[in-house]
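Welcome, and thanks for taking a look at this one. Please keep the structure open beside the notes below, which are grouped by topic.

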Amino acid sequence: MGKKHQSLAQNKNLGHFIALMFYVAVGYALYIAAANMNYVWKWNSIPDYFIYTETKTYEAPADGKFVEENGVYYVQKVDEKVKIEELTSNASFDYELGEEVYEGDYLATSSEKKVGPVLNGLWVTLKISFFAAILTFFIGIIIALMKLSSYQFLKDIATVYITVIRGTPLLVQIFLFYFIVANIFELERFVAGVLALGIFFGAYMAEILRGAIQSIDKGQLEAANSLGISNFQAMRHIILPQAFKRALPTLVGEMIALIKDSSLVSVISITDLTKVGKEIVANTFSPFETWIVVACVYLCITSLLSYIGHRIEKKMAASGGMS
């Protein structure tokens with residue numbers, strides 16, 4: 001048979017070029033719209049969101065002579081020495097040792113690099129997402145197995161849990177955990193946020209795993225039983241590994257959704273990336289730059305997670321692990 005004719009619109013390179021031109025046009029339109037806004041852009045302040053330099057000045061605590069002894073700096077009065085707190089030799093000095101100084105004079109300055117608010121907020125977001133993800137997998141596996149159990153009361157418990165959790169908004173659940181559960185058990189807001197996220201996504205994870213487990217041929221479990229392998233051992237060593245492989249793309253998607261939805265914990269004053277964004281906007285009156293930066297940081301995290309997921313999928317597919 002002859003090679004099937006490919007239309008011009010199906011050409012791969014042409015398609016890439018058209019898509020690129022489309023986004024260039026969208027970007028240019030946004031640029032024109034932004035240029036026509038009555039807004040002063042402050043992009044030069046963006047680096048300080050990540051790393052900034054803190055400058056500290058040291059004042060003379062009293063009148064006297066500026067002296068140093070064993071690496072400690074003092075102002076020598078007539079009858080006593082007054083220590084200058086935190087001043088070290090790394091500072092930039094405005095006075096020489098032995099000079100006369102007066103109370104309130106600026107003796108030295110020091111500069112120190114500090115982690116900016118965005119990186120601090122990113123660290124909190126990663127921590128809360130990590131612990132919530134562990135809780136999500138733990139709950140998801142247990143609820144999925146309960147749903148597939150032969151015991152009716154376990155099925156009923158799992159069904160009600162999934163129905164209630166998936167049927168109510170995450171934001172409402174966060175408020176309930178913080179104002180009710182956290183108060184009853186005296187939990188920190190970070191723990192309340194982790195619990196709310198883990199329990200919410202655990203319901204979705206349970207349904208994903210249940211579907212993946214049921215997609216495995218029942219004959220494998222029967223064959224394992226015939227070889228003297230218990231149901232628990234078969235589920236642990238045979239069924240669940242295959243289920244995880246089949247559900248991997250959906251699991252990665254849920255983890256991406258968890259990271260994005262972790263921004264909702266900012267409503268209970270957890271200083272995550274979104275809360276930091278709100279604080280920066282309140283202090284700098286730069287909403288557009290701030291939220292663009294915050295969105296880009298979230299995009300970097302989720303893109304990295306998506307890339308790792310695709311790499312694992314390809315590796316499994318190449319080794320015959322994905323069915």
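Lys 56 is partly exposed, with a relative accessible area of 34%; here buried means under 20% relative accessible area, exposed over 50%, and partly exposed in between, using a 1.4 Å probe and protein chains only. Its side chain meets that of Glu 86 in a salt bridge at 1.9 Å, N to O, where a salt bridge is a side-chain nitrogen of Lys or Arg within 4 Å of a carboxyl oxygen of Asp or Glu. This is a predicted model, in which local features need pLDDT of at least 70 and side-chain atom pairs count only at pLDDT 80 or more, while totals for chains, interfaces and linings use all residues. Residues are numbered from 1 along each chain as its sequence is written, and side-chain values use heavy atoms, with hydrogens and water left out.

**Salt bridges**

- The structure holds eight salt bridges.
- Glu 86 lies in the loop between strand S4 (81-83) and strand S5 (92-93) and Lys 56 in strand S1 (residues 51-59), so their bridge ties together parts that are 30 residues apart in sequence.
- Helices (H or I, at least four residues) and strands (E, at least two) are DSSP runs, numbered from the N terminus.
- Glu 86 is exposed, at 53% relative accessible area.
- Lys 81 forms a salt bridge with Glu 69, and their closest N and O atoms are 2.6 Å apart.
- This pair links distant parts of the chain, with Lys 81 in strand S4 and Glu 69 in strand S2 (residues 64-69), 12 residues apart.
- Lys 81 is partly exposed at 32% relative accessibility, and Glu 69 is partly exposed at 39%.
- Glu 80 and Lys 77 form another salt bridge, with the closest N and O atoms 3.6 Å apart.
- Glu 80 is partly exposed, with a relative accessible area of 39%, and Lys 77 is partly exposed at 30%.
- Lys 147, Arg 166, Glu 207 and Arg 210 are linked in a network of salt bridges.

**Nonpolar cores**

- The largest nonpolar core has 41 residues, and those with the most contacts inside it are Ile 143, Tyr 161 and Leu 197.
- Such a core is a set of buried Ala, Val, Leu, Ile, Met, Phe, Trp, Tyr and Cys residues joined through side-chain atoms within 4.5 Å.
- At least two residues of this core come from each of helix H3 (117-147), helix H4 (152-166), helix H5 (170-185), helix H6 (189-214) and helix H8 (231-261).
- H6 supplies the largest share of this core, 13 residues.
- Leu 197 touches Ile 128, Ala 132, Thr 136, Leu 170, Asp 261, Ser 262 and Val 265, not counting residues up to four places away in sequence; contact means heavy atoms within 4.5 Å.
- A second, separate core of 13 residues includes Tyr 49, Val 118, Val 294 and Tyr 298.

- A nonpolar surface patch of about 940 Å² includes Leu 171, Phe 175, Phe 179, Ile 184 and Val 267 among its residues.
- Patches are made of residues with over 30% relative accessible area and no salt bridge, with like charges joined within 9 Å and nonpolar side chains (Val, Leu, Ile, Met, Phe, Trp, Tyr) within 5 Å.
- The areas come from the Shrake-Rupley method with a 1.4 Å probe, and for residues only the protein chains shown count as cover.
- H5 gives the most to this patch, with eight residues.
- Phe 175 lies in helix H5 and is partly exposed, at 31% relative accessible area.
- Gln 173 is found in helix H5 too, but Gln 173 is buried, with a relative accessible area of 4%.
- Leaving aside neighbours within four places in sequence, Gln 173 is in contact with Ile 165, Thr 168, Ala 196 and Phe 200.

**Cysteines**

- A search of the whole structure finds zero disulfides, a disulfide being a pair of cysteine sulfur atoms within 2.5 Å.
- Cys 296 is in no disulfide, and the nearest cysteine sulfur, that of Cys 300, is 6.7 Å away.
- Cys 296 is partly exposed, with a relative accessible area of 40%, whereas Cys 300 counts as exposed at 54%.

**The loop between H3 and H4**

- Ser 149 lies in the loop between H3 and H4 and is buried, with a relative accessible area of 12%.
- Ser 149 touches Leu 154 and Lys 155, not counting residues up to four places away in sequence.
- Ser 149 and Tyr 74 are 75 residues apart in sequence and 75 Å apart in space, C-alpha to C-alpha.
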